[in-house]
Amino acid sequence: MSNIYLAPSAAVPVAGTPGIRFGNIFVPLYRKPKFSDKHTRFLIDARSGLQELIGNLLLYNNGVTVSDDGFEFNGSSLCSFNTNGHNELDFGESGEFTIDMRLTNANQIHTYNTILTNGDSGNFPDGNFNFRYQWHEYGLFWNPGGDPWFTTGGYAAHAGDEVFHHLAITRASDGYVRLFVDGRLTNSVGNSGHVLNFTAWNMVKFGKGGINDGNAESSYWTGRLKWARISDICRWTGDFDSTQIGE
């Protein structure tokens, strides 16, 4: 039982979740991910149905199916988590952070394919953050800035390969934002005035962009997400071995 722990009150069980029933009360049990530590501020893991955050967090699910193979996004589905009051997810203009995940992309159905965003603000005001898979590469659309596109530079043409890839976005104390694919640093840029706040619109959302992100239909993502994590530390500034992270 050393790899099992009692889920916190914030946990959202999914169909097939192992657990113990005491009368009408069901207590879910989860395998604690080895990659959860004191710097983890948000974590979902399809293999255990785990959702981990300080305090309560409510899930809104619109069409996403969950299995040990991942959270399945079909090009018209999304899920979001209510972050109202969770100030630990407000990284401001200069706070260190890491967003990392393991996913596989289906062949692109739509244009914008937004994997992760912090809200539904359609006109991209200060702090609107969108992480997309567009034109066969990963990119950030993050206001403000004269050049909002920040991409992997073509090193990501693997849609439809059915392989789970590790992706990471970090910001270090030097102010640089870095983008990694499978442990390889693919791009970095100075981060002047870019706010990252997952409480600005009270959500962490997967599978669809803002209401005017291109247009509503073209901003859906198609693929599978095995897990996603948000940390309050910069975990990497250079190339690293990603093969065992979250495995």
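Strands β17 and β18 form a hairpin with two residues between them, and D182 in the turn has a positive phi of about 50 degrees. The model is predicted, so local features were taken only at pLDDT of at least 70 and side-chain atom pairs only at pLDDT 80 or more, while totals for chains, interfaces and linings use all residues. Residues are numbered from 1 along each chain as its sequence is written, and side-chain values use heavy atoms, with hydrogens and water left out.

Strands (E, at least two residues) and helices (H or I, at least four) are DSSP runs numbered from the N terminus. Two strands are taken to pair if DSSP finds at least two bridges between them. Strand β17 covers residues 176-181 and strand β18 residues 184-190, and the two pair in the antiparallel sense over six bridges. V181 has R184 in β18 as its bridge partner. D182 is placed in the loop between β17 and β18. Most residues other than glycine have a negative phi. D182 is not a glycine, yet its phi is positive. Its relative accessible area is 30%, so D182 is classed as partly exposed; in this scheme buried means under 20% relative accessible area, exposed over 50%, and partly exposed in between (1.4 Å probe, protein chains only).

Side chains of opposite charge can pair when their charged atoms come close. A salt bridge was defined as a side-chain nitrogen of Lys or Arg within 4 Å of a carboxyl oxygen of Asp or Glu. Across the whole structure, five salt bridges were found. One of them joins R235 and D37, with 2.9 Å from N to O. This pair links distant parts of the chain, 198 residues apart: R235 is in the segment after β21 (222-231), and D37 is in the loop between β3 (25-31) and β4 (40-45). R235 is partly exposed because its relative accessibility is 22%, and D37 is partly exposed at 33%.

A salt bridge is also formed by D100 and R229, whose closest N and O atoms are 2.7 Å apart. Here, too, distant parts of the chain are linked, as D100 is in strand β11 (residues 97-105) and R229 in strand β21, 129 residues apart. D100 and R229 are both buried. A salt bridge with an N to O distance of 2.9 Å connects R178 and D174. In this pair R178 is buried, with a relative accessible area of 11%, whereas D174 is partly exposed at 43%.

A pair of aromatic rings is described by the distance of the centres and the angle of the planes. Rings of Phe, Tyr and Trp (its six-membered ring) were paired if their centres lie within 6.5 Å; planes under 30 degrees apart count as stacked, over 60 as edge-to-face and the rest as tilted. The count by this rule is ten aromatic pairs. The ring centres of F42 and F81 are 5.2 Å apart and their planes stand at 70 degrees, so this pair is edge-to-face. F42 in strand β4 and F81 in strand β9 (residues 78-82) are 39 residues apart, and their pairing links distant parts of the chain. F42 is buried at 0% relative accessible area, and F81 is buried at 3%. F129 and F198 form an edge-to-face pair, with 6.2 Å between centres and 65 degrees between planes. F129 lies in strand β13 (residues 129-134) and F198 in the loop between β19 (196-197) and β20 (203-206), so the pair ties together parts 69 residues apart in sequence. Relative accessibility is 0% for F129, which counts as buried, and F198 is likewise buried at 0%. One aromatic cluster consists of F42, F81 and F206.

Charges over rings were assigned where NZ of Lys or CZ of Arg is within 6 Å of the ring centre and within 35 degrees of the ring normal. K208 lies over the face of Y220, 5.5 Å from the ring centre. K226 lies over the face of F164, at 4.5 Å from the ring centre.

A nonpolar core is a set of buried Ala, Val, Leu, Ile, Met, Phe, Trp, Tyr and Cys residues joined through side-chain atoms within 4.5 Å. The largest core has 36 residues, and those with the most contacts inside it are I99, M101, F129, F131, I169, F206 and L225. Strand β11 gives the most to this core, with four residues. Apart from it lies another core of eight residues, among them F35, A168, F240 and I245.
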